[in-house]
Amino acid sequence: MPKEYIMTAQGKRELEERLEQIKNVEMPAIVEEIAAARAQGDLSENAEYHIARENQAKLQNEMDSIMEKIAGAKVLDEKSINDDVVSIGCAVEVIEADVEDGLAAMEKCGFTRTDIIAGFLTRMSVNDMRGSYRQGILAELTDEDFMTAGGELLSSKRYKKEDLLDKGFSDAELANKVKVRNKIDKSKCEGLKVYTIVGSHEADALNGRISNESRVGAALLNKAENDVVMVGDLLFKIVNIVVDKKAVKK
């Protein structure tokens, strides 16, 4: 069965454009170089000929790889992307901080300590966290913090207020069910960054496009707003998830 390559519409266009460039420009130029080198006579010591043949082989390999990806392309569109959680094609706004000063860095942006801890612990096993990650920011956690996180896990989903307006809940009931979103003071968030999650061949880390197979990309996938994830010595608090319409536009 052919391998499936998940990609945005923009990523597929870039592959198609690169394929045309190789077929119509670069490969014909290499063929001319090889012909010119052959015309010089003895090929055994003809460096230009051997270099040209190596470049031709590299181009052919690249062309074969691109054609395989295009043939197996599964193109995402805006309607198919669920922006309730991080997925390929989403732009994710995060506060990025070192684990050691993660609490302080995030509190400057308007989050409380409880917000940060709840966001971090409720998306994973509390027992695993207690046993395996007692370092940096987590070394400060108390037994009460873990009990709070455990309660959050047991209470399951926290609803948005608009989702409950038509369900007849009282203000008191809504207060218990709806998680209040704190306002972020972005002017104080030194580590505020935006990453767009893309397929591996579309990655461009310098421009904020990270592969779903990278450490950070894989860690962010399927996480929701207000979740916190840790990758090595870095802490990422997710503050916003949107569909990258430019990337998925056909």
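Two strands count as paired when DSSP finds at least two bridges between them. I start my notes with that rule, and I keep in mind that this is a predicted model.

**Entry 1: the sheet**

I looked up the strand order first. Five strands make an open sheet, running E5-E4-E3-E7-E6, with mixed pairing. At the edges I found strand E5 (209–211) and strand E6 (228–231), each of which pairs on one side only. I also checked how the neighbours are set: on average they are turned by 40° against each other, direction ignored.

Next I zoomed in on one pairing. Strand E3 covers residues 90–98 and is joined to E4 by five bridges, the two strands running antiparallel. Which residue of E4 stands opposite Ile95? I found Leu192 there.

Lys193 and Glu96 form a salt bridge, with their closest N and O atoms 3.6 Å apart. Lys193 sits in strand E4 and Glu96 in strand E3, so this pair ties together parts 97 residues apart in sequence. Are the two partners buried or exposed, or partly exposed? Lys193 is partly exposed at 38% relative accessible area, while Glu96 has 16% and counts as buried, because the cut-off for buried is under 20%.

**Entry 2: the other salt bridges I looked up**

My search of the whole structure gave six salt bridges. Among them is the pair Lys188 and Asp185, at 3.8 Å from N to O. Both partners are partly exposed: Lys188 has 48% relative accessibility, and Asp185 has 29%. Salt bridges with shared partners also join Arg18, Glu26 and Glu62 into one network. Glu26 is partly exposed at 24%, and so is Arg18 at 26%.

**Entry 3: the disulfide**

How many disulfides does the structure hold? I found one. It joins Cys109 to Cys189, with an S to S distance of 2.2 Å. The link spans distant parts of the chain, 80 residues apart. Cys109 lies in the loop between helix H3 (102–107) and helix H4 (113–121), and Cys189 lies in the loop between helix H8 (171–177) and strand E4 (192–198).

I then checked accessibility for the cysteines. Cys109 is buried at 0%, and Cys189 is buried too, with 8%. I looked up Cys90 as well: its relative accessibility is 0%, so Cys90 counts as buried.

Key
Residues are numbered from 1 along each chain as its sequence is written. This is a predicted model: local features need pLDDT of at least 70, side-chain atom pairs count only at pLDDT 80 or more; totals for chains, interfaces and linings use all residues. Side-chain values use heavy atoms; hydrogens and water are left out. A disulfide is a pair of cysteine sulfur atoms within 2.5 Å. Helices (H or I, at least four residues) and strands (E, at least two) are DSSP runs, numbered from the N terminus. Buried means under 20% relative accessible area, exposed over 50%, partly exposed in between (1.4 Å probe, protein chains only). Axes are lines fitted to C-alpha atoms, for helices over the stretch in contact, and angles run from 0 to 180 degrees between N-to-C directions. A salt bridge is a side-chain nitrogen of Lys or Arg within 4 Å of a carboxyl oxygen of Asp or Glu.
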